[in-house]
Amino acid sequence: MKNSKPHILLTNDDGIRSPGLWAAASELSKIGYVTVAAPREQSSGMGRSLPSTSDGIIRKEQMQVNGQEWSVYAVGGSPAQSVLHGVLEIVPHKPDLIVSGINYGENVGLGITISGTVGAAMEAASMGFPALAISLETDTQYHLSHSEDIDFSAAGYFTGYFARLILERKFSEEVDLIKVEVPAHATPTTEWQVGRLSRSRYYDPVPTKRDSWELPGPISYKRNENSKQEPEDTDAYILRKRKWWQSPD
């Protein structure tokens, strides 16, 4: 018989050992039963990809989270593939909600098609599941890290907050998923605002400096600071230009 509590499938793109993932798990476990199925490796920037090179190996692991023992599933695949394996093989019945995050770094504007965090939520939505993607604004130096210098408490709170809203109120037919961006200085009392997706690049690509194409040269990125003309109702404007979330000096 199905558990009376809602069943939440949780994934991310920073990998199974990310503190952001476990901040989300801790908050979501207050709402319902949580199954964690996340990429075995760091998988940022994979979008909604389903690489044919993924091995699909699923390993059940035990992890300590806030003094509690969790059984989790490390998936040899992308974030979107983790959702597929979670739904098709790991979860014995359809989850009530699929959550992706909490991501190190915001996913704003046209960059959502690159984001593995949002890509996992897109995959969930494409299968008909209510989906939530949540990211925390951080400096770019932390994007591929598992740094414990980042405080996920406010983002964790909002993960639980929006998960409850989705489970209690359900989606309208016009909504496929909810994407939440938590400002770096947010607190649980920070007001939130609905915005539309910016049509601008939030990050600009940066070529590597090298003497020869024969040398390794991955393309990196930096924030685009030229957003003065950004419409005030977009996610980029709300996150970067509005200062109402910051505590007074």
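The side chain of Thr-117 makes a polar contact with the side chain of Asn-103, at 3.0 Å. This comes from a predicted model. Thr-117 sits in helix H3, and nine of the eleven residues of that helix are buried.

**Thr-117**

- Thr-117 has a relative accessible area of 0% and therefore counts as buried, the cut-off being under 20%.
- Leaving aside neighbours within four places in sequence, Thr-117 is in contact with Asp-13, Ser-100, Gly-101, Asn-103, Asn-107, Ala-133, Ile-134 and Ser-135.
- The backbone nitrogen of Thr-117 lies 3.1 Å from a side-chain oxygen of Ser-115, which caps the N-terminal end of H3.

- H3 is mostly covered.
- Its buried residues are Gly-116, Thr-117, Val-118, Gly-119, Ala-120, Ala-121, Glu-123, Ala-124 and Ala-125.
- Just after H3, Gly-128 adopts a positive phi of about 90 degrees.

**Packing of H2 and H3**

- Two packed helices are described by the distance between their axes and the angle between them.
- For H2 (residues 79–90) and H3 (residues 116–126), the axes come within 7 Å and cross at roughly 35 degrees.
- The crossing of H2 and H3 is right-handed.
- On the H2 side, the contact is made by Pro-79, Ala-80, Val-83 and Leu-84.
- On the H3 side, Gly-116, Gly-119, Ala-120, Glu-123 and Ala-124 take part.
- By type, the residues of this contact divide into six nonpolar, two polar and one charged.
- The H3 residues Gly-116, Gly-119, Ala-120, Glu-123 and Ala-124 are also listed among the buried residues of the helix.

**Strand E1**

- E1 pairs with strand E2 (residues 33–39) in the parallel sense, over four bridges.
- Within that pairing, the bridge partner of His-7 in E2 is Tyr-33.

Methods: Residues numbered from 1 in each chain as written. Predicted model: local features only at pLDDT ≥ 70, side-chain atom pairs only at ≥ 80, totals over all residues. Heavy atoms only, no water. Axes fitted to C-alpha atoms, helices over the stretch in contact; angles between N-to-C directions. Helix = DSSP H or I, 4+ residues; strand = E, 2+ residues; numbered from the N terminus. Left-handed = near helix turned anticlockwise from the far one by under 90°. Contact = heavy atoms within 4.5 Å. Nonpolar A, V, L, I, M, F, W, Y, C, P; charged D, E, K, R; others polar. Buried < 20%, exposed > 50% of the residue type's maximum accessible area, 1.4 Å probe, protein only. Polar contact = N/O pair within 3.5 Å; in protein donor to acceptor, adjacent residues only side chain to side chain. Pairing = 2+ DSSP bridges.
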